[in-house]
Amino acid sequence: MNPLLVTLGTKLTERWLNLLVLPGALFLGVVAAGTTLGHTHWHDIDRLREALDDLTARPVLDRTGTAAIAVAVILLLSSALSLAAQSVGTAVESFWLRESRFPLGRRLQSRRHAAWQRLDHERTEAIRDPATPAADIERLTRARDRIALVPPSRPTWYGDRLAAAAARVHAAYGIDLAAVWPRLWLILAEPAQRQIESARLALATAARLGAWSLGYLAVAAWWWPAALIALGCTLMARSRAREAVESLASLVEAAVDVHARDLAVLVGLEPPEATGGPLSPDTGDSMSEVFRKAD
C-alpha cells in the first residue's frame, strides 16, 4: 500500500480517537457508573465491580459477532456524543463572545462597566497625586485591566478582550478591523496564519470542554460526584478560554501592527517606497472606507 495513504490513515484514526471516541467513551463510562451506583452507593466500588461481572458473564457476549456489534455501537455512540458536544461547544463559544442584546447581558455589561469606571477613576486620581507610590498605580492598573483593557461593551471578559483589539487598532490606525481583517489575512505569511489558527482552535477546544461540563452536570442528577467532574471541566475550560482569547487578540493586533502598511501599499494607498513608522490614521481610515465599499 502507498506509504502516504498509510500515514494519512493513521493520522486520521488518531484524530478520530482523540477528538471523538475517547471523550465520548469517558462520558459513557461516567454515565454507566452513575446510573449503576446512584447517590446512595456513590462510592461503592464493589457494587460497580459486581455489575461489570454480571455484564461480562452474559452468554450473549461470548459470541464474537455480538461482541463486535457491541463495540461498534459504543464507538458510534461515543462519536455521536462528541459531535453533539462540538455543536454545544459552538453555542458556548457564542455565549462567551455575545453582545449585550438581552436584559441579563445588559445588566452584566453595566456592572462590569461600572466597576471598570470606578477603578479607572481611582487610577486617574492616584496618578494626579504625586505622593501615590508607583506600586499602587500599577495595582490599580492591573485591577482595571483584569476587567477589560477598554471600557466594557460586552457581558463577558472574552467578548470585551476581542472587542478591545478592534478598538485599540481603530484608535491607533483608524482601521475598521472587521472590514480590513479578511484582506489582511490573505497577505499574512503561513507561520503567522498557523499561530492565529492555533489560538482560534484552542478557543473552540475550550468551548467544547465547557460543553462537556454541562453533560457531566446533567449526570450529577443521578450520581453527585459527576458535579465535581463538571466543576473541574468548567474551571479548566475557563482558564484555557482566557489564554486562547488573550493569545488570539494579541496575535490579531500584532498582525495589524506589522502588516497593515503592506496592505495599504498593495491597494495603492501608500507608495511602494513607503517604509518605517506606524500607519497613519488617515491612511487606515481610507483603507477601511475602500474595503467597506463606502460611497
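Predicted model: local features only at pLDDT ≥ 70, side-chain atom pairs only at ≥ 80, totals over all residues.
Local features need pLDDT of at least 70 and side-chain atom pairs count only at pLDDT 80 or more, while totals for chains, interfaces and linings use all residues. Residues are numbered from 1 along each chain as its sequence is written, and side-chain values use heavy atoms, with hydrogens and water left out.

The structure holds 14 salt bridges. A salt bridge here is a side-chain nitrogen of Lys or Arg within 4 Å of a carboxyl oxygen of Asp or Glu. One of them pairs Glu93 with Arg200, with the closest N and O atoms 2.5 Å apart. This pair links distant parts of the chain, 107 residues apart. Glu93 lies in helix H3 (residues 64–96) and Arg200 in helix H8 (residues 190–219). Helices (H or I, at least four residues) are DSSP runs, numbered from the N terminus. Glu93 is buried, at 9% relative accessibility. Arg200 is partly exposed, at 38%. Buried means under 20% relative accessible area, exposed over 50%, and partly exposed in between (1.4 Å probe, protein chains only).

Arg168 and Glu253 form another salt bridge, at 3.1 Å from N to O. Arg168 is partly exposed, with a relative accessible area of 38%. Glu253 is buried, at 11%.

In a further salt bridge, Glu270 meets Arg261, the closest N and O atoms being 2.8 Å apart. Glu270 is buried, with a relative accessible area of 14%. Arg261 is buried too, at 16%. Elsewhere, salt bridges that share partners join Arg161, Arg168, Glu246 and Glu253 into one network.

Arg144 sits in helix H5 (residues 134–147). Its relative accessible area is 11%, so Arg144 counts as buried. Contact means heavy atoms within 4.5 Å. Neighbours within four places in sequence aside, Arg144 is in contact with Trp116, Leu119, Asp120 and Arg123. The C-alpha atoms of Arg144 and Gln117 are separated by 8.3 Å, although the two residues are 27 apart along the chain.

Gln109 is part of helix H4 (residues 103–128). Gln109 is buried because its relative accessibility is 18%. With neighbours within four places in sequence again left aside, Gln109 is in contact with Ser100, Pro152, Ser153, Arg154 and Pro155.

Technical notes. Helix = DSSP H or I, 4+ residues; strand = E, 2+ residues; numbered from the N terminus.
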